[in-house]
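User: I would like to learn how to read the ligand surroundings and the chain interface in a model like this one. Where should I start?

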Amino acid sequence: MSESTWKRVLEGKIREDWGREIDVFETQIELRKKSKVEEKLFAEARLRRGVYGQRYDNGQRHDGEKTQTLTFPTGDLTKGPSTAWDAPGMMRIKLPMGRVSSQQLEVMCELAEEYSDQILHVTTRQDIQLHFVHIEDTPNLMRRLAAVGITTREACGNSVRNITACPLVGVCNDESFDVSPYANAMMFFLLGHDDVQSFGRKFKIAFSGCKTNPCGLVNFHDLGCIAATRTVNGEVKRGFEVYVGGGLGSVPQNAQLLEEFCPEEELFPLTQAVCRVFARLGEKDNRSRARIKFLVKKLGIEEFKRLTLEERAKLRPDERWTNFLDNLAITEEKPLKPPSKLPAGPHSAEFEAWRRTNVQPQRQEGYSVATVTMPLGDFTPDQGRAIADIARRYTGDSMRATVDQNWIFRWVSDGDLVKLHAELAAIGLGEPGSDRIGDVTSCPGTDTCKLGISSSRGLAGELRKRLAVEQPAAVDKLHIKCSGCFNSCGQHHVADLGFLGVSRAVNNRRVPHFQLVVGGQLQNNGGSYGLALGAIPSKRVPDAVSRLTKAYNERRQGEETFKAFVERVGKKEIKALIEDLSHVPPYEQDPSYYSDWGDPREYTIGDIGVGECAGEVVSFVQFGLQKSELEVFEAQVLLDEGKNDDAATRAYRAMLEAARALAKEKNANLGEEPEEIVREFKQHWVETKLFWDPFAGAKFAQYLFKAHEEAGGKTHSKESAHQLVEEAQLFVDAAHQAHTRIGTALP
Amino acid sequence: MIEKIQLKLFTKDDVPVEGYVPVFHRWIRERVLDELLIDVVDYSHVADGPHVVLIGHEVDYALDRGRGKLGLLFVHKRGPRPERLSHALARAVKAALLLEAEKGAEHPLQFRSDALLIRVADRLNAPNTDATYERLLPGLKRDLEALFGAGKFEIKRVGTTREPFTVEVKAEGAAPLAELVKRLSVS
Ligand code: SF4
């Protein structure tokens, strides 16, 4: 009996192209283990499959006294520069718009149990992350996700990341229209698209149903789309206000208006054109200036727009730009239960407290959105399965992960709210306080992130505990967000009180600190960023929060927001309120300052590694050539298995891949039709003698032409298939040489 | 051979476990266990889950409050598979006894020897079905008999097919862990 594998068990349940991609990734893993794939190339390939590094994966960890070497069994083998093969890593699961079905959630719970540390984590971009995952477990993990319609492709790396959207789209009172089908179609349109493969850095897209509310956070995205309508000749036309070049990080930038009204049918070509401009002109060498915000700033929005429209005019028409418009109902959710009214009370105090903060009425009468407050975005597989059951009983598949690391059920019939809350409470998730001061958001920080400087999760956990007591109403409405470093994944710039991890040297020792940023604005899609007020030792941050919130509560005027309060009172006076907290006593007097929240080790910055957020710059050609090599490898395997025709097909495909990778350099619009690839390759590379061997001339090119002529119409013997595989190998080698010769290869 | 085995030894009392974060950090520093330990994670904010986890390369050790019951969860992830339940149990008990010996802890831990949870987190090779139960039962029985004595324990399959294969073992009147560990052959 043949051994049972996930690949076999899930055969027929996975989209063919997704299944193939995972097989290719598995082959890449095998080749890397034999050192047959270059380290950087493998790192970027892995990142583009959502497989990320984690703290200490360079094999070094400070134990509080000294740095110890983590001696992993595979020794020197790496999965990227300074990244030990065996070191646990993070798996990012991309959930477009945070949408999850019960079945998908159950599978993610299984994966957390079998491959991770029994915890699922909701990120600030509506993904789920699993930590402490071994690289060799990832292909099966991906297969199990793919079987329920989830791909991790391009969840990390220099690619288009998860596309986010307000979790209330479709049920919100304030939206222009439901952006779900647009965001959903865009995710599939851009996934693996040729024009998004050569970025110098990541690219984040967000959709919002309206301009004023905070949920979409378009203002700090690389590309942001806000739903808008226009009446033309009495007909209401849908479109988007399109923004570009927003971003947080150490140089936060507000997004700039690219198109005031981009009609719905123009949204995808415009986006594609933006991607091309970014891929062509964006910085590649200096990683800290490679996001699109720097390009937009450098060129100016007018010039950026001109280049985008110029690029738009050159695009080859693509039916996917508009096909999806015929089926906008694809993302529509049908309520499981009829609308109803909440039974007259009295209800328990717990329920009322939860209802006040965690329930919002939908646009559709008789229904509400119920938020599950996930502490620090974490939940267990048991809780996940119970959530899946609750959805099946009350709402159907209409759950979403939110950017504030919570979870929502949409379409809860109001009459079910009491029961739903009781069921959540039974699994420890019935706490109130969503979207309130105690619902602190945090990036992973020093817990697992290689770049973390201070423990953002430790701080967030401590603040959660301290803020759990009842707060004055005005204070309760504030938001706190924490980031472990300047990369700002915790989105602290847009919080009322934001914290970003920094370190300071005091008396020859390192002390964890947080830079305080006050008065950011979540409203208007994360409309403005706060002011930095200086660094406070980590251990004094809770005191700073309590002083600032007390001052706000006592001194605010009327309905003044925290941002307005900060602006009125002034930075100087606000800073004076907490000035004394920046003092750090000598170690001998109080060593507690010298360790971070939730981590008793003496603090050090020695564990900071090289981040993988920036990925590795790998060009489209390099990826294409690598893909062609994998095809040759697969062809050889098939040949060994006696599958001659399959081996020959693979060998032909390998040559086509390599030819396409080269030809695409000369024609950005090149499609995927073999005829077109061969024609363009011949024109741009063979007739120009760029693909030309000094001794053999066009001999290697002829291998492709011959294989192309014979494709599909020939039955192969072992010998003829063997010859074709050999020729494919020579062709791919020649493609590498040609690429290097013309000097387009990246160092 | 048992794949991806997890064992849970329950504590006698439910106590706060956050204080064991520094203990686990010290275990890493002093290489207390003869295996590669990597990091400590504090999930005590999560209800009924792994609260403090000592992450290792082959094995994770979690002070776990899953299903509301505190215990030490031994999670075998990779490396040589424990050939028998007793091999995994010996490692789990060793860690439990070390935790009991942490005298400086604000909330000392004491483990029960009369109850045990055995889980196999491998739905491919060991789904939570009758067939898996029948396949694994002889091996489990053999090792549990060596531990508790024939007829001195009860074994019950629990959970649904959505959950990992899980059995609960009850052995009333079992000897203390320190005694039991001597019976576990680890050769
Ligand atoms: S903000 Fe910094 S510490 Fe936090 S996840 Fe991003 S890179 Fe890591």
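Analyst: Start with the ligand shell: a residue counts as near a molecule if one of its heavy atoms lies within 4 Å of it. Keep in mind that this is a predicted model.

User: Which residues surround the ligand?

Analyst: The shell comes from chain A and consists of Cys443(A), Pro444(A), Gly445(A), Cys449(A), Leu451(A), Gly452(A), Gly484(A), Cys485(A), Asn487(A), Ser488(A) and Cys489(A).

User: How many residues of each class does the shell around the ligand have?

Analyst: Six are nonpolar and five are polar, with no charged residues.

User: Is Cys485(A) buried or exposed?

Analyst: The cut-off for buried is under 20% relative accessible area. Cys485(A) has 7%, so this residue is buried. Cys449(A), at 25%, is therefore partly exposed.

User: How many residues of chain A are in contact with chain B?

Analyst: On the chain A side there are 45, and they touch 35 residues of chain B. The buried area between these chains is about 3,500 Å², with carbon and sulfur atoms giving 53% of that area.

User: How many salt bridges does the rule find across the interface of chain A and chain B?

Analyst: The rule gives nine. One of the salt bridges joins the side chains of Asp382(A) and Arg67(B), at 2.9 Å from N to O. Polar contacts between chain A and chain B come to 16 residue pairs, counted with both residues at pLDDT 80 or more.

Key:
Residues numbered from 1 in each chain as written. Chains lettered and ligands numbered in written order. Predicted model: local features only at pLDDT ≥ 70, side-chain atom pairs only at ≥ 80, totals over all residues. Heavy atoms only, no water. Buried < 20%, exposed > 50% of the residue type's maximum accessible area, 1.4 Å probe, protein only. Nonpolar A, V, L, I, M, F, W, Y, C, P; charged D, E, K, R; others polar. Contact = heavy atoms within 4.5 Å. Buried area = accessible area lost by both parts, 1.4 Å probe. Salt bridge = Lys/Arg side-chain N within 4 Å of Asp/Glu carboxyl O. Polar contact = N/O pair within 3.5 Å; in protein donor to acceptor, adjacent residues only side chain to side chain.
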